[in-house]
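Trainee: Could we go through this structure together, one question at a time? I would like to see how each answer is reached.

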Amino acid sequence: MAPGVVGTVPESTGVYPDFHGNAEFLFDETVSEGSQPSLGYGTGDLERLVIVSPTREIPRVSWGRDRIGVRPREGWRPNTVYRVELLPGLTDLRRNREKQGTVLTFTTGAPLPTDTLRGVLVDWTTRAPARLAVIEALYGPDTLPYRTQSDSSGRFVLAPLPHGAYLVRAFLDQNRNRRQDGREAWDTLRLAPEPAAAGVWWLAPRDTLGPRVTTVTFRDSLTVELQLSQAFDPAQRFEAAQVRVLLLPDSTPAGVATFRGKAEDDSLQARARAVADSLKADSVRRARPDTAAAPPAPAPARPAPQPAGRRGAAVDSAFLRIAQGRPALSDRMIVRLATPLLPDARYAVEVSGVRSVMGVATTSLGLLVVPKPPPAPAAADSATARPDSTRRPKVGAPLRPRG
């Protein structure tokens with residue numbers, strides 16, 4: 001069995017004005033310290049399992065066989081509501097893993113907390129649950145963060161909290177340092193629980209600069225694919241006038257027919273092919289009616305039986321409804337031309353007015369190199385390729401029997 005929490009020091013949801021020392025989680029057996037010790041850098045196995053709020057520092061975490069001690073690096077502040085969360089993942093000496101976390105909440109003089117924040121985090125790029133993302137609820141004039149972590153379904157509950165309004169930020173912590181860095185996807189919402197509030201966070205990389213063309217790829221003589229430096233706003237509608245394709249070096253413009261996001265263009269092309277295939281099939285049936293009886297329809301295939309004790313993964317229908325509320329993000333676009341590109345030529349591709357997720361637009365240039373056409377295969381000489389059947393065999397050569 002996994003290790004279980006049998007008590008905490010101090011007891012949860014209490015007021016302790018003079019509290020000092022460690023807050024402790026007590027277990028019913030000896031727990032593992034892990035292979036990485038807790039040295040105050042946030043990289044220890046136990047440090048990764050403990051979240052102390054509100055503080056911006058890495059807490060001090062100590063191991064005592066059947067107990068884990070925790071305290072803020074700067075000490076316990078007076079008149080503050082503290083939340084100490086032990087995340088799932090703790091193991092005993094036999095590697096049995098605890099699958100549920102524990103939260104210890106107490107105050108050092110402030111009123112007991114009453115409010116609850118809950119929500120769903122969506123990885124906007126894939127429209128999948130944002131698993132193990134960090135949630136920070138910034139509170140008060142000092143904007144001290146109350147933190148937690150989303151579960152495997154992208155959901156979280158942060159409670160109990162002091163009453164008031166919060167700026168709630170969520171981000172995908174790719175390097176697991178519990179700080180928002182660089183290109184990590186994030187989103188923010190303002191919420192006032194009173195006493196409970198819920199929201200949906202759409203996590204995506206966000207940049208203060210607009211999307212820029214990074215790669216221009218030749219697909220065929222009428223199709224060019226663009227890759228941008230970041231995802232564009234999926235709600236934006238595009239026009240052919242936003243793209244100029246200029247033949248170098250004299251900047252002769254090539255006519256642009258359409259300019260769309262790749263997902264939209266793929267969908268429209270697939271629909272056009274389906275319509276064309278349907279019309280072709282109808283014309284064939286009208287031209288050659290089939291008088292023979294239609295063959296019997298094949299019996300529907302039965303699903304393969306699953307081994308005993310195994311079931312398919314449960315589908316979170318509520319999350320699917322939320323995720324389908326917005327199209328997935330993309331950084332790829334398709335330009336379709338009205339006239340073919342010249343082979344073995346170079347073009348400048350200028351794109352303007354494409355907005356980022358944050359609504360920032362810019363103009364940028366890319367370079368397209370059209371490859372040379374492949375060499376035509378050499379025509380075979382029919383006179384030499386076909387053997388002469390009238391030629392007599394050499395004298396003395398044995399005749400091969402036929403058949």
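Trainee: Leaving aside neighbours within four places in sequence, which residues is V245 in contact with?
Mentor: Let's start with this one, and keep in mind that the model is predicted. Neighbours up to four places away in sequence are set aside here. What remains for V245 is a list of contacts with T252, P253, A254, V256, V335, L337, L341, Y347 and A348.

Trainee: Which residues have the most contacts inside the largest nonpolar core?
Mentor: That core has 24 residues.

Trainee: Is V370 buried or exposed?
Mentor: Begin with its place: V370 lies in the loop between β24 and α3 (382-385). Beyond residues up to four places away in sequence, V370 touches F218, L341, L342, P343, D344, A345 and Y347. Its relative accessibility is 4%, and the cut-off for this class is under 20%. So V370 counts as buried.

Trainee: How many Å apart in space are V370 and V224, C-alpha to C-alpha?
Mentor: Along the sequence, V370 and V224 are 146 residues apart. In space, their C-alpha to C-alpha distance is 9.9 Å.

Trainee: Which strands each supply at least two residues of the lining of the largest cavity?
Mentor: A search of the whole structure finds 1 cavity of 30 Å³ or more, and about 30 Å³ of space lies in the largest cavity. Its lining is made of P211, R212, V213, L228, V351, V354, T362 and S364. Compare those numbers with the strand ranges, and the two strands are β23 (346-355) and β24 (361-369).

Trainee: How many nonpolar residues does the lining of the second largest pocket have?
Mentor: This pocket has a volume of about 290 Å³. Its lining is F232, P234, Q236, R237, F238, G261, A263, E264, P327, A328, L329 and S330. By class, 3 are polar and 2 are charged, while the nonpolar residues number 7.

Trainee: Why does N79 count as exposed?
Mentor: N79 is in the loop between β6 (67-71) and β7 (81-86). Its phi is positive, about 55°, although N79 is not a glycine. The cut-off for exposed is over 50% relative accessible area. N79 counts as exposed because its relative accessibility is 55%.

Trainee: What is the relative accessibility of L132?
Mentor: L132, in the loop between β10 (128-129) and β11 (134-139), is a residue other than glycine with a positive phi, near 55°. L132 counts as exposed, and its relative accessibility is 53%.

Technical notes: Residues are numbered from 1 along each chain as its sequence is written. This is a predicted model: local features need pLDDT of at least 70, side-chain atom pairs count only at pLDDT 80 or more; totals for chains, interfaces and linings use all residues. Side-chain values use heavy atoms; hydrogens and water are left out. On a 1 Å grid over the protein atoms alone, a cavity is a set of points where a 1.4 Å probe fits but cannot get out, and a pocket is an open set with protein on both sides within 12 Å along at least five of seven lines; lining residues have an atom within 4 Å of a point. Grid points are joined across faces, edges and corners, and a volume is the space filled by probe spheres set on the points. Helices (H or I, at least four residues) and strands (E, at least two) are DSSP runs, numbered from the N terminus. A nonpolar core is a set of buried Ala, Val, Leu, Ile, Met, Phe, Trp, Tyr and Cys residues joined through side-chain atoms within 4.5 Å. Buried means under 20% relative accessible area, exposed over 50%, partly exposed in between (1.4 Å probe, protein chains only). Contact means heavy atoms within 4.5 Å. Ala, Val, Leu, Ile, Met, Phe, Trp, Tyr, Cys and Pro count as nonpolar, Asp, Glu, Lys and Arg as charged, and the others, Gly among them, as polar.
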